[in-house]
Amino acid sequence: MKNNSLIYLLLFSGLVFILLSTCKEKPTLPTVSTTATSNLTANSVTTGGEVTDDGKQAITGRGICWSTKQNPTIADNITTDG
């Protein structure tokens with residue numbers, strides 16, 4: 001009976017160890033702080049932003065996307081600013 005209890009304790013301890021070691025924190029979306037636009041002309045504008053929280057993910061690109069329509073996406077015009 002002692003041997004069975006020891007085996008069950010070892011199995012249970014191993015299972016708990018495996019479960020705890022495989023739990024990982026879920027990444028969140030990165031957070032970006034943008035600056036207001038200024039110096040608006042017919043063909044240029046000054047703007048910018050900063051990644052304030054990487055969301056525990058690798059940042060693979062930085063830049064600005066723009067469009068003459070509302071809600072631009074990276075499918076529109078973009079800069080790649082390292």
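The questions and answers below concern a predicted model of one protein chain.

Reader: Which element of the protein chain has the lowest mean pLDDT?
Author: The mean pLDDT of the protein chain is 82, and 90% of its residues reach 70 or more. Among the elements, strand β1 (residues 31–38) has the highest mean, 90. Where pLDDT is low, the predicted coordinates should not be read in detail. The lowest mean, 73, belongs to α1.

Reader: Is L10 buried or exposed?
Author: L10 is part of helix α1, which covers residues 2–22. Together with L6 and L9, L10 forms a nonpolar patch on the surface, with about 310 Å² of accessible area for the three together. A residue counts as exposed when its relative accessible area is over 50%. The value for L10 is 56%, so L10 is exposed.

Reader: Which element gives the largest share of the lining of the largest pocket?
Author: The largest pocket holds about 580 Å³ of space. Its lining has 20 residues, and V32, G61, R62, G63 and I64 lie nearest the centre. The largest share, four residues, comes from β2.

Reader: What is the relative accessibility of N39?
Author: N39 sits in the loop between β1 and β2. Most residues other than glycine have a negative phi. N39 is not a glycine, yet its phi is positive, near 55°. N39 counts as exposed because its relative accessibility is 57%.

Reader: Where is N71 found?
Author: N71 has a positive phi of about 55°, although it is not a glycine. N71 is also exposed, as its relative accessible area is 65%. Its place in the chain is the loop between two strands, β3 (65–66) and β4 (77–78).

Reader: Is V51 exposed, partly exposed or buried?
Author: V51 belongs to strand β2. Buried means under 20% relative accessible area and exposed means over 50%, with partly exposed in between. The relative accessible area of V51 is 25%, so V51 is partly exposed.

Reader: What distance separates the C-alpha atoms of V51 and P30?
Author: V51 lies in strand β2. Along the chain, V51 and P30 are 21 residues apart. In the model, their C-alpha atoms are separated by 7.2 Å.

Technical notes:
Residues are numbered from 1 along each chain as its sequence is written. This is a predicted model: local features need pLDDT of at least 70, side-chain atom pairs count only at pLDDT 80 or more; totals for chains, interfaces and linings use all residues. Side-chain values use heavy atoms; hydrogens and water are left out. Patches are made of residues with over 30% relative accessible area and no salt bridge: like charges are joined within 9 Å, nonpolar side chains (Val, Leu, Ile, Met, Phe, Trp, Tyr) within 5 Å. Accessible areas come from the Shrake-Rupley method with a 1.4 Å probe; for residues, only the protein chains shown count as cover. A salt bridge is a side-chain nitrogen of Lys or Arg within 4 Å of a carboxyl oxygen of Asp or Glu. Buried means under 20% relative accessible area, exposed over 50%, partly exposed in between (1.4 Å probe, protein chains only). pLDDT is the predictor's confidence in each residue, from 0 to 100. On a 1 Å grid over the protein atoms alone, a cavity is a set of points where a 1.4 Å probe fits but cannot get out, and a pocket is an open set with protein on both sides within 12 Å along at least five of seven lines; lining residues have an atom within 4 Å of a point. Grid points are joined across faces, edges and corners, and a volume is the space filled by probe spheres set on the points.
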